[in-house]
Amino acid sequence: MTKGKTKQWLVCYLFLLPNIILYLTVRLVPFLSTVGLSFTDWRLIGSPRFIGLKNFVDMFNYPVFWKALQNTFQYALYVVPPSIILGLLVAVLVNRDLPGIKVFRALYFLPYVTSVVFIAIVWKWIFAADWGLLNDLLQKVGLPRVQWLSSPRLAMLSVAIVAIWQNVSFNMLVFLAGLQGIARDVYEAAMIDGTSKLQSFVYITIPLLRPTALFAAIITTINSFQVFDLTYVMTQGGPLDSTYTLVYYLYDYGFRYLEMGHASAVAMVLFLLIFALSVLQRRLLAEK
């Protein structure tokens, strides 16, 4: 490498240095601290005491952990596929040159940038059993009231509906960017060959959006496994722990019981799960 190139690289890294320092401070150092704390017993007072794998052994022996893990997978299964499919369909609908279409795109994206706590409170009112808007609408059409948030069978599905409504807006924006990156020449050539719009969508749009779908799937999965605020505000983990997720379990042991070592072990398991699922999705959806 010539001296000129070396100088250019040094200048580039000099400009990147503040961001690197910020990353090490707020990302890497806390992550390494969590790894270390997962092998200790620490209750915020005194020094951490090394106990080896005891936190992991205890965690795997607690039935509530397996319940939280099952609920987390169930929530992700409810949220991820519909969010991807609906996000793609909405993106196709708004990917048009129509008057005021930019306003519609902004309105569709609003749920993702709105405060999650505010969204949870509003939807909790909508799902209220006695005076909620949804049950009032059901009664007007002759249907009985439904215990949306107080039924162990329906509580997780109700929370997932809110998450889908919120995540569709983000996936719509991601897919919209992917759609606008596809050259129009491809569609014009397909039309000349007599391809219908449905065939173009199936055999051209979907294959070319594979990298976009991969990104959307990974981000939506990560967000789903980290759900906490929706369940905390809407159901407090109930009823009967039906919406008690891994992050809620981590919160309880870290900030209610002050068992930081156990909470760190839960965080490590959550990290490994998300990492493994991200790698699996990449293998399944990556381009050949």
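The following questions and answers examine how terms are applied to this predicted model.

Q: Why is Ser-200 counted as buried?
A: The relative accessibility of Ser-200 is 7%. Buried means under 20% relative accessible area, so Ser-200 counts as buried at its value of 7%. Ser-200 belongs to helix α9, which spans residues 197–208.

Q: What is Ser-200 in contact with, leaving aside its neighbours within four places in sequence?
A: Its partners are Tyr-187, Ala-190, Thr-195 and Thr-205. The term contact requires heavy atoms within 4.5 Å.

Q: Which residues of helix α5 are buried?
A: In helix α5 (residues 116–126), the buried residues are Ile-119, Ala-120, Trp-123 and Ile-126.

Q: What makes these residues lie on the same side of α5?
A: The arc they cover around the axis is only 115°, and therefore they are placed on the same side of α5.

Q: What covers the buried residues of α5?
A: The cover includes α4 (101–113), α6 (133–140), α7 and α11 (229–234).

Q: Which residues does Met-234 touch, not counting those up to four places away in sequence?
A: Met-234 touches Ala-120, Trp-123, Lys-124, Phe-127, Leu-149, Val-159 and Val-162. Of these, Ala-120 and Trp-123 are among the buried residues of α5.

Q: What makes a set of residues a nonpolar core?
A: The members must be buried residues of the types Ala, Val, Leu, Ile, Met, Phe, Trp, Tyr or Cys, joined through side-chain atoms within 4.5 Å. The largest such core here has 63 residues, and those with the most contacts inside it are Met-59, Tyr-75, Phe-175, Leu-230, Met-234 and Tyr-249. Helix α7 (residues 155–180) supplies the largest share of this core, 13 residues.

Q: How many residues does the protein have, and what percentage of them is buried?
A: The protein has 288 residues, of which 39% are buried.

Q: How many helices and strands are in the protein?
A: The protein contains 13 helices and two strands. Its C-alpha atoms fill a box of roughly 80 × 75 × 30 Å along the principal axes. Among contacts between residues at least 6 apart in sequence, 69% join residues at least 24 apart.

Q: How many side chains are positive and how many are negative?
A: There are 22 positive and 13 negative side chains, and the centres of the two sets lie 6 Å apart.

Key: Residues are numbered from 1 along each chain as its sequence is written. This is a predicted model: local features need pLDDT of at least 70, side-chain atom pairs count only at pLDDT 80 or more; totals for chains, interfaces and linings use all residues. Side-chain values use heavy atoms; hydrogens and water are left out. Helices (H or I, at least four residues) and strands (E, at least two) are DSSP runs, numbered from the N terminus. Buried means under 20% relative accessible area, exposed over 50%, partly exposed in between (1.4 Å probe, protein chains only). Lys and Arg count as positive and Asp and Glu as negative; His and the chain ends are not counted. The place of a charge is taken as NZ of Lys, CZ of Arg, CG of Asp or CD of Glu. The arc is that of the directions from the helix axis to the C-beta atoms.
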